[in-house]
Amino acid sequence: MALPDFLIAGVPKAGTTALHAALTGHPDLFLPSFKEPKFFLSDGPPPAHGGPGDVQTYQEHVWRQSDYEALFDPAPRGTLLGEATPFYLHDLASHERIKSLVPSARLIVLLRDPVDRAHSNWTHLWNAGLEPEADFLTACRAEPARIAAGWAPFWHYAGLGRYGEQLRHLYEHFPREQVLLLRYKELKDAPAATLDRVCEFLGVRTGIVTAVPRENVNRHVVEDNGVNQVLRFLLRGGGAFGHRFPVPLRLAARGPLLTLLHRKQGTRPVTTPGERAALLPRFQDDIALLTEVTGESYDDWLSVDRHAAAH
């Protein structure tokens with residue numbers, strides 16, 4: 001039975017894809033090329049409905065244990081097995097599932113300023129043509145209604161960033177020595193040292209992987225003109241109905257639409273002081289809890305004008 005020895009458990013838009021890509025280059029580690037199997041997010045089949053594109057994502061969940069174990073079959077003998085699903089921290093029920101099946105697993109969690117993380121999350125979905133709201137704060141205000149309608153966790157812009165609550169719950173199920181807590185900026189600004197910390201935590205050789213590949217980096221779509229609005233409408237329509245068609249067909253249809261949408265690109269914007277001032281009240285209590293739970297200060301996240309330094 002092949003099950004993971006470690007999990008990159010959080011959080012979305014905080015460097016988990018880049019960390020996954022870097023660790024695949026370590027000869028003592030094996031991570032499946034299929035990122036985010038999401039196995040521990042459910043006890044059975046995933047939901048059958050959600051927001052734009054969610055059903056297609058649900059179809060990609062590896063929810064049968066036999067299929068999950070098969071992901072690790074190609075691993076060379078003696079390597080440590082791991083996978084990256086950054087929604088595990090947010091999904092409190094997954095903590096129990098992980099504890100039940102792989103109680104000795106080591107968990108790696110990357111945290112990012114919650115306002116910047118939410119903005120990056122919104123930008124990702126906006127660039128994909130799936131986010132219907134052109135304004136970041138309007139999209140954040142829509143979150144409760146979207147949750148009530150069953151939209152997938154990736155649409156939970158604020159909810160995904162309440163790390164204090166999530167870590168408190170995680171530490172109720174795993175001893176702290178099994179959890180490595182990192183910051184997004186550490187991986188971004190000091191990749192070699194941060195990767196060595198990860199390797200030390202996992203008990204494998206340091207100095208082997210020293211750089212983070214530029215994974216999943218896309219420039220921002222600049223304009224929301226008439227043509228782009230039509231393209232977004234078509235992409236959202238594909239997100240709603242594409243699951244009814246074979247994967248090759250829907251990819252063939254989606255690719256040209258994304259190419260057109262991304263025909264004019266610009267620098268990815270950062271959060272403005274106004275956006276930070278509007279959203280920080282949602283996180284202040286949780287940032288205080290995070291400090292209490294971890295014993296580390298996150299006061300730099302409370303500044304309304306830190307956005308330039310955060311990227």
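1. For the structure, the count of aromatic pairs comes to 11.

2. Another pair worth a look is Phe 87 with Phe 154, both of them buried. Their planes stand at 90° and the ring centres are 5.9 Å apart, so this pair is edge-to-face, the rule for which is an angle over 60 degrees. Phe 87 sits in the loop between strand E3 (80–84) and helix H4 (92–101), while Phe 154 sits in the loop between helix H7 (143–148) and helix H8 (163–171), so the pair ties together parts 67 residues apart in sequence.

3. Do also turn to the charges placed over rings. Lys 99 has its charged end over the ring of Phe 174, at 5.3 Å from the centre. Arg 112 lies over the face of Tyr 184, 4.2 Å from the ring centre.

4. Finally, a word on confidence. The average pLDDT of the chain is 87, and 81% of the residues score at least 70. Over residues 249–254, however, pLDDT stays under 50, and the model has eight contacts for this stretch beyond four places in sequence. Where pLDDT is low, predicted coordinates should not be read in detail.

Key. Residues are numbered from 1 along each chain as its sequence is written. This is a predicted model: local features need pLDDT of at least 70, side-chain atom pairs count only at pLDDT 80 or more; totals for chains, interfaces and linings use all residues. Side-chain values use heavy atoms; hydrogens and water are left out. pLDDT is the predictor's confidence in each residue, from 0 to 100. Contact means heavy atoms within 4.5 Å. Rings of Phe, Tyr and Trp (its six-membered ring) pair if their centres lie within 6.5 Å; planes under 30 degrees apart count as stacked, over 60 as edge-to-face and the rest as tilted. Helices (H or I, at least four residues) and strands (E, at least two) are DSSP runs, numbered from the N terminus. Buried means under 20% relative accessible area, exposed over 50%, partly exposed in between (1.4 Å probe, protein chains only). A charge sits over a ring if NZ of Lys or CZ of Arg is within 6 Å of the ring centre and within 35 degrees of the ring normal.
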